Amino acid sequence: MPSTPELDWDDTTDQADATRGLIDKLEPCVVRNEAGRVVWDNDRWDFLNKDECPATVHPSLWRQSRINTAQGLFEVVPGVYQVRGLDVSNMTIIEGETGLVVVDPLMSKEVSAAGMELYRRNRGGRPVQAVIYTHSHGDHFGGVLGVTTNEAVETGACAIIAPDEFMQHAVSENIFAGPAMLRRAVYMYGRSLPTGPHGLVGFGIAQSLSTGTVGLIAPTLDVTETGQEVVVDGVRLVFQLTPDTEAPAELNFYLPDHKVLLIAENVNHTLHNLLTLRGAQVRDAHAWAAYITESIQLFQDADVLIGSHNWPTWGREQVMRMLTEQRDAYAYLHDQTVRLMNQGLTGPEIAEEIQSFPGELGKAWSVRGYYGSISHNVKAVYQRYMGWYDGNPSHLWQHPPVEQAKRYVAAIGGADATVASAREAVGSGDLRWAAELLNHVLFAEPEHTAARDLQIATYEQLGFAQENGTWRNIYLTGAKELREAGQQIRTVGAPGAESVEMLSGLSTGQIFESMAVRLDGPRAAAHRLLLRWEFTDIDEVWTLLVGNGVLTPIRGDAPGAEAPQLTLRLERTTLDQVLALRTTFAEALGSGAVTPTGDATVLATFYGLLEKPRRNFPIVLP
């Protein structure tokens, strides 16, 4: 097990801060949906507080996970409260003169509703007058329908405040690439792993993700510039825009009357990801560090720092230290990666050179790699500047994994010889090389039992040794899926359709753009289709043009004299119901909810060209 002598194991500040201000707990801390299915269970982490760290978990990760289990309603300062331990994220509640401002309403409505109930039984019933989304990731807006309603927003009783371009980025990351991200998220978050010392113990920034109903209400007020001040029910909010940091659309804000700085997900009690392992756009470490510098300059009188994850930090000196450590961590990774990149090193080579932070930064608990790691963050910086190609001609046009594996195994002398080499690597402690050799065997001969058994053991040993929670989850999930090979893979937490609540928050253009990435281009190239959509409830007209294997959504009529082959007259809510699988177009046509004019077969042809995303594709086997 790796040792961490540079860390001060006698420092219990984090443990004290994580429980400071506790008012009440949810007991039992189990939340169910209307059907009775458990969508959150924080009590399953009790073993972390009862047992000593076993050999199957890195002691530093065990410490972090134990701290993260704290749950309940906490007072940060009078008038500012947090619900923690009810989801992957925190929900912050700010009391105004008569109502509430709720920040980041968790990932699903069942847990956010439970959090609001916990607050109200201790602080009384107040109406929610504003909801703030700090950024465009689902765990910071998905539970909005547990704290407010569409009706309250539509009537102006509740404002939805978000950073500029929030909707664009919420959709592009959560809708366009959602199926692939969800599948990889099963690995990253350990969503199929059993809870316990041989399985899931947490991943640094939180313990797990809720699996309830995800919704979205579009913002009614955009934050467009740093320094923008908004007053809600007497609560003064001073905003700082931080685009292209932890999310492409993100903001921090300061409560000057409380001297509390809410830093969103830009500062956490762990190193974050510059490229999350579930997949995302590469984040800008240089900009990230610069925005933290700006936070330090703007909010020097902050006495408390709170975030969207983990626990608060109290004391002006401690707040500045926390901000500085996090800023310097991202700046160091950026600057040193670029320095070595310009010396000719590639991403993997740089990751071997930079294995720790120097000096006092290397002793800081707040920048340990529980969630993001130095290794994969360094590779992300390289990728942002240089892309996937490292400049070596032999890497420009390589065989795909299966064909490459067959050739490697043949060159080594066959599958059995390759497994023998892997076994030697395991014996010498080179588990990384053993895993690579065995991966080649399994991609060349997936049914090779000895390779599979040894790879399971190799992945488990790699997983148990990791301080990084997501690396641990990835290795252990790989071992689990190899052990269960042949059984149906279930993508935990991935629904078969988007929720009506989520779809209703999207513009019609965004809905049609999400269809474009499902179009089977090679088959669609044989068709030219023109469908006109008239939405009677929102007074919008759209035309969908299919040509050259591309779906182009057009607001209004298509240019030129070409007439649509089919016109559909319907309400937008009907389209949402169809896409959420609550009904079908055939049923909607039969009931009169959709009125067609023209060639009705065009609709069947169009939908026949849309490919259903594969939510359970294999990863550790071809």
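Student: Is Cys53 buried, partly exposed or exposed?
Tutor: Cys53 is partly exposed, because its relative accessible area is 31%. Buried means under 20% relative accessible area, exposed means over 50%, and partly exposed is in between, with a 1.4 Å probe and protein chains only. Keep in mind that this is a predicted model: local features need pLDDT of at least 70, side-chain atom pairs count only at pLDDT 80 or more, and totals for chains, interfaces and linings use all residues. Also, residues are numbered from 1 along each chain as its sequence is written, and side-chain values use heavy atoms, with hydrogens and water left out.

Student: And what about Cys29, buried or exposed?
Tutor: Cys29 is buried, with a relative accessible area of 0%.

Student: OK, salt bridges then. How many are there in the whole structure?
Tutor: The search finds 26 salt bridges. The term stands for a side-chain nitrogen of Lys or Arg within 4 Å of a carboxyl oxygen of Asp or Glu.

Student: Why would such side chains pair up?
Tutor: Side chains of opposite charge can pair when their charged atoms come close.

Student: Which residue does Arg121 meet in a salt bridge?
Tutor: Its partner is Asp24, at 2.9 Å from N to O. Arg121 is in helix H4 (residues 109-123) and Asp24 in strand E1 (residues 22-24), so this pair ties together parts that are 97 residues apart in sequence. Helices (H or I, at least four residues) and strands (E, at least two) are DSSP runs, numbered from the N terminus.

Student: What else is in helix H4?
Tutor: Leu118 is one of the residues there. Leu118 is buried, with a relative accessible area of 1%. Leu118 and Gly72 are 46 residues apart in sequence, yet their C-alpha atoms are 7.8 Å apart in space.

Student: You mentioned E1. Which sheet does E1 belong to?
Tutor: E1 belongs to an open sheet of eight strands, in the order E1-E4-E5-E6-E7-E8-E9-E10, with mixed pairing. E1 and strand E10 (221-223) stand at the edges with a single partner strand each, so one side of each has no neighbour in the sheet. On average, neighbouring strands of this sheet are turned by 25° against each other, direction ignored. For that angle, axes are lines fitted to C-alpha atoms, for helices over the stretch in contact, and angles run from 0 to 180 degrees between N-to-C directions.

Student: In which sense do E5 and E6 pair?
Tutor: Strand E5 (residues 80-84) and strand E6 (residues 91-95) pair in the antiparallel sense, over four bridges. Two strands pair if DSSP finds at least two bridges between them. Val80 stands opposite Ile94 in E6.

Student: Back to salt bridges: what does Arg569 pair with?
Tutor: Arg569 forms a salt bridge with Glu534, and the closest N and O atoms are 3.1 Å apart. Arg569 is in strand E20 (residues 566-570) and Glu534 in strand E17 (residues 529-535), so the pair ties together parts 35 residues apart in sequence. Arg569 counts as partly exposed at 45% relative accessibility, whereas Glu534 counts as buried at 16%. Both belong to a network of salt bridges that links Arg532, Glu534, Asp557 and Arg569.

Student: Do E17 and E20 run parallel or antiparallel?
Tutor: They pair in the parallel sense, over five bridges. The bridge partner of Phe535 in E20 is Leu570. E20 also pairs with strand E21 (residues 595-598), in the antiparallel sense over four bridges, and Leu566 stands opposite Gly598 in E21.

Student: Why is E20 called largely enclosed?
Tutor: Four of its five residues are buried, so E20 is largely enclosed by the rest of the structure.

Student: Last topic, the surface. Which residues form a nonpolar patch?
Tutor: Trp388, Leu396 and Trp397 do, with about 530 Å² of accessible area together. Patches are made of residues with over 30% relative accessible area and no salt bridge: like charges are joined within 9 Å, and nonpolar side chains (Val, Leu, Ile, Met, Phe, Trp, Tyr) within 5 Å. Accessible areas come from the Shrake-Rupley method with a 1.4 Å probe, and for residues only the protein chains shown count as cover.

Student: Where does Trp397 lie?
Tutor: Trp397 lies in the loop between helix H11 (374-386) and helix H12 (401-412). Trp397 is exposed, with a relative accessible area of 80%.
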